[in-house]
Amino acid sequence: MEAIRVPDQVLPAPGRRELPEPVPLRRMLGPSVILAGLSIGSGELVLWPRLTAEWGFAVFWACWVGVTIQFFLNMEIERWTLATGESAVTGFLRLGRAWGPVFLACGTIPWMWPGWATGGSTILAWELGGNVTAYTVGSLAFCGVVLTVSPVVYRAVELLQMILVTAIFLFLGILAVLVVRGDALAALAAGALRFGHLPPGIDVPLLLGALAFAGAGGTANLAQSNYIKDKGYGMGCWMGRITSPFTGRDEAATEIGYVFPPDTANLARWKVWWRRANLEHFFTFWLLCNLSLVLLCLLAYSLLEPGAPVSQGFGFIADQAATLERRFGPGARHLFLGAALAVLFSTELGLLDAVSRVAADVVKVSFLSDRRAWTPSRIYVALVWSMVALGIAIVLGGFDQPLSLLVLSSCLNGFVMFLYSGLLLWLNLTTFSGPLRPSPVRVAALAGSLIFFGYFSALTLADQLSR
């Protein structure tokens, strides 16, 4: 019996190649750090601290549950790419042509709202003065240039996020030692165990957004398959990478993957790949995301007076900076806001990269598969600048409130996660058997993701309709 039976009614059947020898765990580090860096710039820095400022740790149980669900989601995304070399989106397209337009919409509409660039520009205006809209336009254009001229795009994004994540954790650790109180630790421990508790009157869209962004969120998680493909995990090493059409060396790239014969040697190599991929993702995604959430929420709780009114929009970040200035001087304020600024701008760059990767797969496979001139790299660059142009148009149109833009983006991505949780479960259960098949625990986790995000998406819809 075949261990891998890839659906081939819509797209061509994959080719056959041997599964490469596993690489050491230290050489696999990188893809999950990128996702962790993306998560710090949305849910960790903004949405969860905002909820903590308003409600304490009453819903903190949902925080680590959301990260745990995303761990299992991401590993099922990795399973598909490790075994076939294809992105998860290409796998979804194998289930039906109609999924092409659906995932093109899912991969662009929720992310075109430039809340991260607007948030970073708001902080920059606090520090330097000037016009938020002008800063936002400039930062979006700068991100487009960086992603266009990087010879190998993955390497540039990986290096940036590794530097960012290392620096932010050093800063957060020092700050936490200085300001976190004992009562904050006790409140966090209590809130982390109050499963299912929702305080009356809580902002449901904000909560859904925080749940979706407890981790990377939305279609950004699907980009994990593109990252491990460019990193050379498993069968992904045969697929080629996205390079700059202007400064990089063109690599032969294919969207149709390869499967390996399920003989003893290949299955032994698969076990090693799978074990190391899980370890890499656990330590550099699950652990780092939870740790950053804990630290940033503890800081918000300790720096803002419990029960005091919370400033509108991004004002609660300015309030934390003001507290630091009163206690430690202006340098502490500038350092805190500078770190927040770096996180938000780098997140905008990383999300432009992730979203464009996912959308490029859809466009190439669904619409341009017979156009050789339109390589994945060229489609990627065109999509990067399309997203930049959309973001600039939105900001120039007057939509410049960063918190509102982030909540809108995150709510839409919560629904997208509900959608692909079910698709991913169906795809992997019908494709893989034997040692490659998802275990009952992982099947239960994906079913739980489907229910979890479906419930909160329905709750948000009902809340908005009632208004």
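## Contacts along the chain

Let's start with who touches whom in this predicted model. Take the contacts between residues with a separation of 6 or more: 87% of them join residues 24 or more positions apart.

## Inside the chain

The chain has 467 residues, and 61% of them count as buried. The largest nonpolar core takes in 149 residues. If you want some places to start looking, the residues with the most contacts inside this core are Ile4, Trp48, Phe103, Leu222 and Leu436. Helix H14, which covers residues 330-366, supplies the largest share of the core, with 20 residues.

Setting aside neighbours within four places in sequence, Phe103 is in contact with Phe92, Leu222, Val362, Leu419, Tyr420 and Leu423. One of these partners, Leu222, is also listed among the core residues with the most contacts.

## Out on the surface

Now for the outside. The chain exposes about 17500 Å², and 66% of that comes from carbon and sulfur atoms.

There's a nonpolar patch on the surface too, formed by Leu25, Leu279, Phe282, Phe283 and Leu287. Together these residues have about 390 Å² of accessible area. Helix H12, spanning residues 264-303, gives the most to the patch, with four residues.

## A look at Phe283

Phe283 sits in helix H12.

Terms used. Residues are numbered from 1 along each chain as its sequence is written. This is a predicted model: local features need pLDDT of at least 70, side-chain atom pairs count only at pLDDT 80 or more; totals for chains, interfaces and linings use all residues. Side-chain values use heavy atoms; hydrogens and water are left out. Buried means under 20% relative accessible area, exposed over 50%, partly exposed in between (1.4 Å probe, protein chains only). Contact means heavy atoms within 4.5 Å. Accessible areas come from the Shrake-Rupley method with a 1.4 Å probe; for residues, only the protein chains shown count as cover. A nonpolar core is a set of buried Ala, Val, Leu, Ile, Met, Phe, Trp, Tyr and Cys residues joined through side-chain atoms within 4.5 Å. Helices (H or I, at least four residues) and strands (E, at least two) are DSSP runs, numbered from the N terminus. Patches are made of residues with over 30% relative accessible area and no salt bridge: like charges are joined within 9 Å, nonpolar side chains (Val, Leu, Ile, Met, Phe, Trp, Tyr) within 5 Å. A salt bridge is a side-chain nitrogen of Lys or Arg within 4 Å of a carboxyl oxygen of Asp or Glu.
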